[in-house]
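Thanks for coming, everyone. I would like to take a few minutes to walk through one model, starting with how its chains meet and then moving on to some local details.

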Amino acid sequence: MPLLKRLAPQLIALAALALLVTLVFPGFLNISVNDGRLVGPVIDVLKRVAPVALLATGMTLVIATRGIDLSVGTIMAICGAFAAWAIAGGWGLVPALLLALGAGALAGLWNGALVAVVGIQPFVATLILMTMGRGIAQLITEGRILTFTNPGFAFFGSGTFLGLPFPAWLWLATGIGAALLMRRTALGLLIEAIGINRRASALAGVNATVLLIAVYIASGLCAALAGIVVTADIRGADANNAGLWLELDAILAVVIGGNSLLGGRFSILASLLGALIIQTIDTGILLAGFPSEYNLVIKAGLVLVILILQSPRIAAEWRVWRDTRTAPQPAAGARP
Amino acid sequence: MNARALPLYATIAIFLVAYLLCWLQFPNILSTRVIGNLLTDNAYLGIVAVGMTLVILSGGIDLSVGSVIAFSGVFIAVLLRDTSLHPLVVFALLLALTTTFGAAMGFLIDRLAMPAFIVTLAGMFLARGAAYMLSIDSVPIQHPFYETLQRAYWLMPGKGRLTLIGVTMLATVLAGMILAHRTRFGTSLYALGGGEATARLMGVRQGRTTMLVYAFSGLMAGLSGIVFSVYTGSGYSLATVGTELTAIAAVVIGGTLLTGGAGYVFGTLVGVLTMGLIQTYIVFDGTLSSWWTKIVIGVLLLLFILLQNGLVKLSRSRLAGDAA
């Protein structure tokens, strides 16, 4: 099972975390059925992870092309604002959803065009929308928190479907759908080719420009879904706080998933597990009764550990150290 | 004309034209009061942007500065509240701490050979988290020395106040200009930003320079935190969220190439003032919402990035033309 082997570190980390949280808070793994719905801390984790898991799906693809999308948090705010504006304006559910998704796709197209056509490095290109985006979202909401009452739309944030919260279904379907699309077609391979060497892949006949734009659009769409979930959950669009810091969580999820920031091979499932790990830490800190202030410091420590594990230079030095240590072994082996 | 300085000239021209347009609509905007306030209100941003300029010149980025400013404010406020140390001692402690923090990040960036933005992202989490751990409430600073600092100003003709923190910013910009343009360290920064491999072959000590430039950025962030705490008279762990992006925007609008290797510290000052001018205009106008600031800054950012992109392509094709 190559897939299981690839996911093993993340699965082990998740299991260890769950065990740790259970030790501190014994009821963590309890699941009960209430009104035909599953309830329990684990179900809560599955629900709350939705925005980061959705963002991480798109971010994985972007990072696989050796890019980065810093604007996803603000795209969430923009799409949430559009959706709330449309619902409050009496457009109905489907047009509101389409408007939000359209806005996300447009934002992605903008980022993608800047990166692939104009040739600006991704970090800078997406920074522009990150700076501007909240201003745009506030223009739509006119600086207020737009609230609305629409049971159909609220379902996307707090509804239950077949016993599980709807956001959980949404991120599972999006993530697994995207993973299948990447692995059952050549798309994943082509994206990895661009990430490893865009020029070479273009020379080999990969239409790198179109694919790059498509990847950023996919990231924009994922951000739009995340924005819809967050907006529907609180039944209001908050242009200032929706999606704040979430781009960092999404990047962190991708990195915890073992995907290299330098592009190339990627695994969406591993990123989803990364998102679950982050959310388990968040929930665990709260359940264990620690103040949530510890959250950021723990995340920082986590990033540092992963960086050290991923570092090309440390890896090279480790190899040198191991080789020098094993070098005298033949002499030792010569002993009868 | 030097093509490299073109973005700087463009920045200065845009600032002057924008000021002219504002002046045509509101003649009062050309008073020393407004200019004094422009310097005071943007002092903390200007200081941190100087550090950011040097980091960006070296081809890096420092995302931790906003959090470090917030941490500095909380650190000062909590220490002044709970101990009887003199503010100057606290300042010295703080600057040593933030400089060490920056140096540690620079060390990691160099040792791990990882992208600077992800290492400083961890630093951003860490500094913000440390600020939260000190206090999640806004802590007021009540110390006679602080009142002296806040009241220190020089009355310019026209009753404008040139405050101490405004002067601190101007002095910092001057120091940054000397450091970047007149020292060996500055030359090393430009060389690193232009190309790491080339810089190494030329004998630039890459590890040392990287560490020093992030240490400098940490120092500037600490100084900016002091100025911000004098400006607001309190320390709050949720303050200055996103200041790192505003500082980056100011640096880019100031004509520094985001990929490193080209730019001027003076341009950053003009970039900061341009952004301050937009805000001042919105205040003068009274009907525009403050979120237009973000949009206008975004548009300016885009314009300058496109301008730089065009210039880089132009110089490359010229190089290719020379080679042919």
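Let me begin with the contact between the chains, where 34 residues of chain B are in contact with 32 residues of chain A, and please keep in mind throughout that this is a predicted model. On the chain B side, at least two residues each come from helix H5 (87-112), helix H6 (116-134), helix H12 (243-253) and helix H14 (291-323), and of these H6(B) gives the most, with 12 residues. If we sort that side of chain B by class, we find 26 nonpolar, 5 polar and 3 charged residues.

Before going further, a word on confidence. The model scores ipTM 0.75 and pTM 0.84, while chain B has a mean pLDDT of 89, with 97% of its residues reaching 70 or more.

How many of the residues of H12(B) are buried? The count is 10 of 11, so that the helix is mostly covered, and the buried residues include Thr243(B) and Glu244(B) as well as Ile248(B), Val251(B), Val252(B) and Ile253(B). After H12(B) comes Gly255(B), whose phi is positive, near 95°.

Arg111(B) counts as partly exposed because it has 17 C-beta neighbours inside 10 Å, and its C-alpha atom is separated by 34 Å from that of Val78(B), which is 33 residues away along the chain.

Finally, let me turn to a pair of helices within chain B, namely H8(B), residues 164-182, and H9(B), residues 184-194, which pack at an angle of about 70° with their axes 5 Å apart. That angle is why H8(B) is described as roughly perpendicular to H9(B). From H8(B) the contact draws on Leu179(B), Ala180(B), His181(B) and Arg182(B), and from H9(B) on Phe185(B), Gly186(B) and Leu189(B), which by class gives 4 nonpolar, 2 polar and 1 charged residues.

Terms used. Residues numbered from 1 in each chain as written. Chains lettered and ligands numbered in written order. Predicted model: local features only at pLDDT ≥ 70, side-chain atom pairs only at ≥ 80, totals over all residues. Contact = placed C-beta atoms within 7 Å. Helix = DSSP H or I, 4+ residues; strand = E, 2+ residues; numbered from the N terminus. Nonpolar A, V, L, I, M, F, W, Y, C, P; charged D, E, K, R; others polar. Axes fitted to C-alpha atoms, helices over the stretch in contact; angles between N-to-C directions. Parallel < 35°, antiparallel > 145°, perpendicular 65-115°, else oblique. Buried ≥ 20, exposed ≤ 12 C-beta atoms within 10 Å, placed from the backbone. pLDDT = per-residue confidence, 0-100.
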